[in-house]
Amino acid sequence: MIRIDFKFDNITPEEARRMQYKLATNLAVYRVFLNGYSKNGYIIFDETKLSREEILQMLEEFKPEIIREKTLTPDELIIESLSWKNTAAA
């Protein structure tokens with residue numbers, strides 16, 4: 001899995017919600033958060049089912065700038081998804 005963090009040049013809150021829903025319905029996407037107010041977001045996806053280029057093409061109209069790209073294991077995704085109250089057993 002890959003996590004890509006973005007900064008967007010031009011995206012409105014409405015457009016961010018619409019695109020977030022569209023991406024979330026794709027089975028290759030595990031997590032997606034797009035914030036139209038702060039103009040940033042991230043996507044965690046399976047690169048074997050959806051390519052980085054396809055994601056960039058979907059977001060093209062918002063002029064995304066990749067801030068960070070990171071490979072995640074399933075364990076890291078689970079730990080990252082835990083709330084601040086929970087801790088992972090070692």
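1. Two strands are taken to pair if DSSP finds at least two bridges between them, and helices (H or I, at least four residues) and strands (E, at least two) are DSSP runs numbered from the N terminus. In these terms E2 and E3 form a hairpin with 4 residues between them, and lysine 39 in the turn has a positive phi of about 60°.

2. The model is predicted, and local features need pLDDT of at least 70, side-chain atom pairs count only at pLDDT 80 or more, and totals for chains, interfaces and linings use all residues. Residues are numbered from 1 along each chain as its sequence is written, and side-chain values use heavy atoms, with hydrogens and water left out.

3. The sheet as a whole is open and has 4 strands in the order E2-E3-E1-E4, with antiparallel pairing. E2 and strand E4 (64–71) stand at its edges, each with a single partner strand, so one side of each is left without a neighbour in the sheet. Neighbouring strands of this sheet are turned by 15° against each other on average, direction ignored, where axes are lines fitted to C-alpha atoms, for helices over the stretch in contact, and angles run from 0 to 180 degrees between N-to-C directions.

4. The pairings can be followed residue by residue. E1 pairs with E3 in the antiparallel sense over 6 bridges, while 7 bridges join E1 to E4, which also run antiparallel. Arginine 31 has isoleucine 44 in E3 as its bridge partner, and arginine 3 has lysine 70 in E4.

5. H1 lies across E2 and E3 and runs at about 180° to E2. Helix H3 (residues 74–81) lies across E1, E2, E3 and E4, running at about 45° to E2.

6. Which residues of the largest nonpolar core touch the most other members? Of its 18 residues, they are Leu34, Ile43, Phe45 and Leu59; such a core is a set of buried Ala, Val, Leu, Ile, Met, Phe, Trp, Tyr and Cys residues joined through side-chain atoms within 4.5 Å. Strand E1 (2–8), helix H1 (13–24), E2 and E3 each supply at least two residues of this core, and the largest share, 4 residues, comes from E1. Leaving aside neighbours within four places in sequence, phenylalanine 45 is in contact with Met1, Ile2, Ile4, Ala28, Val29, Tyr30, Leu50, Ser51, Arg52 and Ile55.

7. Aspartate 5 lies in strand E1 and is buried, with a relative accessible area of 14%. Not counting residues up to four places away in sequence, aspartate 5 touches Gly41, Tyr42, Glu65, Ile66, Ile67 and Arg68.

8. Aspartate 46 is found in the loop between E3 and helix H2 (52–58). Aspartate 46 is buried yet has no salt bridge, the nearest side chain of opposite charge, lysine 49, being 4.0 Å away.

9. Most residues other than glycine have a negative phi. Lysine 39, in the loop between E2 and E3, has a positive phi near 60° and is partly exposed, with a relative accessible area of 29%. Lysine 63, in the loop between H2 and E4, has a positive phi near 50° and counts as partly exposed at 49% relative accessibility.

10. Tyrosine 37 lies in the loop between strand E2 (29–35) and strand E3 (40–45) and counts as exposed at 67% relative accessibility. Not counting residues up to four places away in sequence, tyrosine 37 touches Pro13 and Arg17. The C-alpha atoms of tyrosine 37 and alanine 16, which are 21 residues apart along the chain, are separated by 8.9 Å.

Conventions
Buried < 20%, exposed > 50% of the residue type's maximum accessible area, 1.4 Å probe, protein only. Contact = heavy atoms within 4.5 Å. Lys, Arg positive; Asp, Glu negative; His and termini not counted.
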